[in-house]
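Take a moment to look at the fold before you read on.

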Amino acid sequence: MRLDKYLADMGFGTRNEAKKLLRSKAVSVNGLLAKNGDMKIDENNDVICVDGEQVAYQKYVYLMLNKPQGYVSATQSSVPTVMDLIQEKFRDMFPCGRLDKDTEGLLLITNDGPLAHQLLSPKKHVDKEYYIELEKPATEGDIQAFEKGIVIDGGEKCAPAVLKIVDGNSCTLVIQEGKFHQVKRMFEARGNKVTYLKRTRMKNLVLDESLEPGEYRYLTDDELVGLKESGN
């Protein structure tokens, strides 16, 4: 791998910016000052340092974010995005899937495109679980209707979903799709309104409740293995 690509992948800007960093004599390879961005390195064995701090190569990054309200699930926007909350600057990171601006909860931030495709493809039927508070209590009729498949506005039919009443006006819902504003539209089709929405699980990745809204952490090895396993 070229040294300038290594630096760019690890969040030190574009390749041109990485070359400026090299010219400033801030980069060393195996203890020797590096001058040329086209220098070939072994990303798995060579020791790369920037300003005296070792930079370990990591091809993919996986972060669990507890998304707060008020942020959109995008990489760029005229309003605050979830990426504004992430201090790590690995190259090409993006939110895996979308949560509405006023929706909270579990959001995977990664630069692993193939894994994101596996999790988001409708053909993979990946579970997504939500905690929901409603204007009116859900009913047994709602449970049966969701199980059969709700027809939302526009005549679009949703796949069967699992609705469970928690207490009073709160419930949980497991869906395997990602239609635009789907959860809200499903309840609207039943004459109800979502007043609070939080995603708590994606596949077998469960939101770490110790994370405050806006906080994130790296996935554990076990969590990552679970995400990559076949099945829901």
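Which residue in strand 11 does Gly105 stand opposite? Gly105 stands opposite Arg199 in strand 11. Before going further, note that this is a predicted model, in which local features need pLDDT of at least 70, side-chain atom pairs count only at pLDDT 80 or more, and totals for chains, interfaces and linings use all residues. Residues are numbered from 1 along each chain as its sequence is written, and side-chain values use heavy atoms, with hydrogens and water left out.

Start with strand 7, residues 104-110. Strands (E, at least two residues) and helices (H or I, at least four) are DSSP runs, numbered from the N terminus. Two strands pair if DSSP finds at least two bridges between them. Strand 7 and strand 11 (residues 194-202) run parallel and are joined by 2 bridges. Strand 5 (residues 62-67) pairs with strand 7 in the antiparallel sense, over 6 bridges. There, Leu65 has Leu107 as its bridge partner. Strand 6 (residues 94-96) also runs antiparallel to strand 7, with 3 bridges. Here Pro95 has Ile109 as its partner. Strand 7 is mostly covered: 7 of its 7 residues are buried. Buried means under 20% relative accessible area, exposed means over 50%, and partly exposed is in between (1.4 Å probe, protein chains only).

Now move to strand 10, residues 170-175. Strand 8 pairs with strand 10 in the antiparallel sense over 6 bridges. Glu129 has Val174 as its bridge partner. Strand 9 (residues 162-167) is antiparallel to strand 10 too, and 5 bridges join them. Asp167 stands opposite Ser170. The hairpin of strand 9 and strand 10 has 2 residues between the strands, and Gly168 takes a positive phi near 60° in it.

In a regular strand the side chains alternate between the two faces of the sheet. What about the two faces of strand 10, with Ser170, Thr172 and Val174 on one side and Cys171, Leu173 and Ile175 on the other: buried or exposed? Both faces are covered, and all of these residues are buried.

Next, the cores. A nonpolar core is a set of buried Ala, Val, Leu, Ile, Met, Phe, Trp, Tyr and Cys residues joined through side-chain atoms within 4.5 Å. The largest one has 47 residues, and Ile132, Leu173 and Phe187 have the most contacts inside it. Apart from it lies another core of 16 residues, including Leu115, Val126, Met202 and Leu219.

Look at Leu205, in strand 12 (residues 205-206). Leu205 has a relative accessible area of 1%, so this residue is buried. Beyond residues up to four places away in sequence, Leu205 touches Met64, Leu106, Thr200, Leu219, Glu223 and Leu227. Contact means heavy atoms within 4.5 Å.

Aromatic rings come next. Rings of Phe, Tyr and Trp (its six-membered ring) pair if their centres lie within 6.5 Å; planes under 30 degrees apart count as stacked, over 60 as edge-to-face and the rest as tilted. The count comes to 4 aromatic pairs. In one of them, Tyr131 and Tyr196 sit edge-to-face, 6.2 Å centre to centre with 65° between the planes. Tyr131 lies in strand 8 (residues 128-134) and Tyr196 in strand 11, so the pair ties together parts 65 residues apart in sequence. Tyr131 is partly exposed, because its relative accessibility is 24%.
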